[in-house]
Amino acid sequence: VQLVESGGGLVQPGGSLRLSCEASGLTFSNYAMRWYRQAPGKERELLAAITSIGGSANYVDSAKGRFTISRDNAKNTAYLQMNSLRPEDTAVYFCSAVGGAQYWGQGTQVTVSS
């Protein structure tokens, strides 16, 4: 199983990024998908989750209204659209596939700075 995140980078405050998570080696449509982040010196934080067929999504308070999780099962890919980014959003962002087991990607760095 492999999960590969992409789309991170340096963005100015107020900007947007779309992260992608491409999965292989598993039946993607059988897994719920989650996005987490980990800032330096902090614990990994769950941001958003989406069901296996994309019918329902949930967010933690820090992501509500700014972040949108989605998925395209035909492309084995999950996404996290992030808008109105703030310096405190700076972190490594991870995707995770959750089913009978939980799998993790290696993460992608997001830096929000002017």
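Trainee: How do you know that β3 and strand β8 (residues 77-82) pair, and in which sense?

Mentor: This is a predicted model, and in it β3 and β8 are joined over six bridges in the antiparallel sense. Two strands pair if there are at least two bridges between them, so β3 and β8 with their six bridges count as a pair. One place to look is L17, which stands opposite M82 in β8.

Trainee: Which sheet holds this pair, and in what order do its strands come?

Mentor: The order is β1-β3-β8-β7, four strands in an open sheet with antiparallel pairing. β1 (2-6) and β7 (67-72) each have a single partner strand, so one side of each has no neighbour in the sheet. On average, neighbouring strands here are turned by 15° against each other, direction ignored.

Trainee: What makes S20 a buried residue?

Mentor: Its relative accessibility is 16%. Buried means under 20%, so S20 counts as buried. S20 belongs to strand β3. Leaving out residues up to four places away in sequence, S20 touches V4, E5, S6, W35, T77, A78 and Y79.

Trainee: Why is the link of C21 and C95 called a disulfide?

Mentor: The sulfur atoms of C21 and C95 are 2.0 Å apart. The cut-off is 2.5 Å, so the pair qualifies as a disulfide. The count by this rule is one disulfide. C21 lies in strand β3 (residues 17-24) and C95 in strand β9 (residues 91-98), so the link ties together parts 74 residues apart in sequence. C21 and C95 are both buried.

Trainee: What is the handedness of the link of C21 and C95?

Mentor: The link is right-handed, with 60° about the S-S bond.

Trainee: Why is Y36 called buried?

Mentor: Y36 has a relative accessible area of 10%. The limit is under 20%, so Y36 is buried. Y36 is found in strand β4 (residues 32-38). Beyond four places in sequence, the residues it touches include R44, L46, V92, F94 and W104. Y36 and F94 are 58 residues apart in sequence, yet their C-alpha atoms are 5.1 Å apart in space.

Trainee: What makes the link between the side chains of Y36 and R34 a polar contact?

Mentor: The distance is 3.1 Å. A polar contact needs a pair of N or O atoms within 3.5 Å, so the distance between the side chains of Y36 and R34 meets the cut-off.

Trainee: How many residues does the largest nonpolar core have?

Mentor: That core has 28 residues. M33, W35, F67, L80, M82 and Y93 have the most contacts inside it. Among the elements that give two or more residues to this core are β3, β4, β8 and β9. F67 is in contact with residues including L47, Y59, L80, M82 and Y93, its neighbours within four places in sequence left aside.

Trainee: How do you know that strand β2 (residues 9-11) and β11 pair?

Mentor: There are three bridges between β2 and β11. At least two are needed, so β2 and β11 count as paired, in the parallel sense. L10 has T111 in β11 as its bridge partner. β9 and β11 also pair over three bridges, in the antiparallel sense, and A91 has V110 in β11 as its bridge partner.

Definitions and conventions. Residues are numbered from 1 along each chain as its sequence is written. This is a predicted model: local features need pLDDT of at least 70, side-chain atom pairs count only at pLDDT 80 or more; totals for chains, interfaces and linings use all residues. Side-chain values use heavy atoms; hydrogens and water are left out. Buried means under 20% relative accessible area, exposed over 50%, partly exposed in between (1.4 Å probe, protein chains only). Contact means heavy atoms within 4.5 Å. A polar contact is a pair of N or O atoms within 3.5 Å; within protein, one must be able to donate a hydrogen and the other to accept it, and residues adjacent in sequence count only if both atoms are side-chain atoms. Axes are lines fitted to C-alpha atoms, for helices over the stretch in contact, and angles run from 0 to 180 degrees between N-to-C directions. A nonpolar core is a set of buried Ala, Val, Leu, Ile, Met, Phe, Trp, Tyr and Cys residues joined through side-chain atoms within 4.5 Å.
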